[in-house]
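Below is a short briefing for someone meeting this structure for the first time. It is grouped by topic.

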Amino acid sequence: LDRFKHVNDSLGHHIGDLLLEQVGQRLSTCLRGVDTIARLGGDEFTVTLTELQKKQDAAIVADKIISELARPFEIHGQIIRIGCSIGITSFPDDTTELSSMLKNADMAMYEVKDKGKNAYEFFSPDMTKHANHRMELEKDLYSALKNNELYLHYQPITNLQTGKICTVEALLRWKHSKHGQVPPDKIISIAEESDLILKVGEWILKQAFQQLTRWRSQGYTNLHLAINMSTRQFDRKYDNVRLIKSLIFQHQIPENYIHLEITESLMLEDSRLILDTLSELKELGVLLSVDDFGTGYSSLSYLRKLPIDILKIDQSFIRNLSLRSGDDALIKAIIAMGQSLNLTVIAEGVETKEQLTFLQQHECNQVQGYYFSKPVSADEISTLLK
Ligand code: C2E
Ligand code: MG
Ligand code: MG
């Protein structure tokens, strides 16, 4: 099931249990008498279809299940929407071993989840390669962390009123000895699947704070620091609030010089826990920034509900400026909305003079992008600051 954890976290386990019961009932209506259905654990159901004429017929059942579970559920007057991701494997084409069947179906299901959920996928041998590669990377990430193979680059953010660098954003880098540079979103997603995200996230925070302190000792005492936060770092068990608090204290940095970048999907998880954590951070005095604004979900109500300070307009809008006139209008609207809500608006991915001029004309507060500088090493930032 997609988003089941969210239901459990926000509405409680009791509602979660009732939801599972209803899901079970709906699933049975999609099957024939010869089929078997089981819940093997958590939010995962397993279905075996026997006596199929051809393996493609499983897709018909999968389609039926997807549309059946897409209909909203009603529990104690609450309307709940979930969805499901389905992985399919067949005997004896894919494998003749029971244990590999479950593994195959699992891999196919994760492929669906990776691609955006709410669909089905048949197992293919490529997926084993893909999964093995990820497993290898996960193993290597452990040692990379230990052996200092990870490092941070920084990209300047420029204030359009003063023309000066006001903030730098820390961006994760990993040069893998065999595979070369691994893109940061991939590192993060691998780390998120295991508990490694805790260690990686801590490492990033500590490293970035240390670097900010170095710049401050070089005299750049007005520089702010933006750090990307993974959704998983907001899990209560990780207690990143305490870590951030102690880093601020240890390095004697004004709280509002630290910007934590979070994504729209986190905003949508309007569970109590996340709200509490965000409020705690807000109380601490750090600034909260919504990264890639405009690409996630279109719920704007969170802007009112959550303690946000900064909006970063996603680079896809900037890229299409003057190509698609609709994007011009959207950027103008986002800037105006930001202003009226007293938020700082930053445009990401500014690459050309034309884009910059447009943003200046419409009084965007700050800009970030290759036009000014790519992400560079800490030393190169010192040079830029000078
Ligand atoms: P992001 O936070 O939105 O970072 C901006 C990305 O846009 C960076 O890619 C940056 O190199 C790229 N970029 C900046 N200016 C331009 C431009 O003018 N044109 C183009 N085409 N691209 C530009 P990068 O470093 O590959 O990072 C990708 C994403 O990975 C980040 O997006 C962020 O979501 C994630 N990420 C990076 N470092 C970290 C980290 O330390 N922690 C977490 N949780 N996520 C990270
Ligand atoms: Mg960012
Ligand atoms: Mg971004």
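**Briefing**

The helices α4 (98-115), α5 (125-146) and α6 (184-193) each give at least two residues to the lining of the second largest pocket. Helices (H or I, at least four residues) and strands (E, at least two) are DSSP runs, numbered from the N terminus. This is a predicted model, in which local features need pLDDT of at least 70, side-chain atom pairs count only at pLDDT 80 or more, and totals for chains, interfaces and linings use all residues. Residues are numbered from 1 along each chain as its sequence is written, chains are lettered from A and ligands numbered from 1 in the order in which they are written, and side-chain values use heavy atoms, with hydrogens and water left out.

**The second largest pocket**

- A pocket is an open set of points on a 1 Å grid over the protein atoms alone, with protein on both sides within 12 Å along at least five of seven lines, whereas a cavity is a set of points where a 1.4 Å probe fits but cannot get out; lining residues have an atom within 4 Å of a point.
- The second largest pocket holds about 410 Å³ of space; 16 residues line this pocket, and the closest to its centre are Met107, Tyr110, Ala131, Arg134 and Glu193.
- A volume is the space filled by probe spheres set on the grid points, which are joined across faces, edges and corners.
- With eight residues, α5 gives the most to this lining.
- By type, the lining of the second largest pocket has six nonpolar, three polar and seven charged residues.
- Ala, Val, Leu, Ile, Met, Phe, Trp, Tyr, Cys and Pro count as nonpolar, Asp, Glu, Lys and Arg as charged, and the others, Gly among them, as polar.

**Cavities**

- Two cavities of 30 Å³ or more are present in the structure, and the second largest cavity contains about 30 Å³ of space.
- Met229, Gln233, Phe234, Asn240, Val241, Ile244, Thr277 and Leu281 line the second largest cavity.
- Both α8 (240-251) and α10 (272-284) supply at least two residues of this lining, and α8 has the largest share, three residues.
- Five of the lining residues of the second largest cavity are nonpolar, three are polar and none is charged.

**The two magnesium ions**

- Donors are N, O and S atoms within 2.8 Å of the metal (3.2 Å for Na, K and Ca); water is not among the atoms, so sites may look incomplete.
- The magnesium ion (ligand 2) has Glu169 (OE), Asn228 (OD1), Glu261 (OE) and Asp291 (OD) as protein donors, at 2.0 to 2.2 Å.
- Asn228 in strand β10 (residues 224-228) and Asp291 in strand β12 (residues 287-293) are 63 residues apart, so the pair links distant parts of the chain.
- The donor residues of the magnesium ion (ligand 2) follow the sequence spacing E-x58-N-x32-E-x29-D.
- The magnesium ion (ligand 3) is coordinated at 1.9 to 2.4 Å by Asp291 (OD), Asp292 (OD), Glu348 (OE) and Glu348 (OE), and its donor residues are spaced D-D-x55-E in sequence.
- Asp291 bridges the magnesium ion (ligand 2) and the magnesium ion (ligand 3), which lie 4.3 Å apart.
- Asp291 is buried, at 8% relative accessibility, while Asn228 is partly exposed at 26% and Asp292 is partly exposed at 29%.
- Buried means under 20% relative accessible area, exposed over 50%, and partly exposed in between (1.4 Å probe, protein chains only).

**Ligand 1**

- A polar side-chain atom of Glu169 is 2.9 Å from an oxygen atom of ligand 1.
- Backbone N or O atoms lie 3.0 Å from a nitrogen atom of ligand 1 in Leu172 and 3.5 Å from a nitrogen atom of ligand 1 in Ser230.
- A polar contact is a pair of N or O atoms within 3.5 Å; within protein, one must be able to donate a hydrogen and the other to accept it, and residues adjacent in sequence count only if both atoms are side-chain atoms.

**Backbone geometry**

- Most residues other than glycine have a negative phi, and most peptide bonds are trans.
- The peptide bond from Phe91 to Pro92 is cis, with omega near 0 degrees; Pro92 is in the loop between β5 (86-88) and α4.
- Arg3, not a glycine, has a positive phi of about 65 degrees; Arg3 is in the segment before α1 (4-11) and is partly exposed at 39% relative accessible area.
- Glu363 has a positive phi near 60 degrees, lies in the loop between α14 (353-361) and β15 (366-367), and is exposed at 54%.
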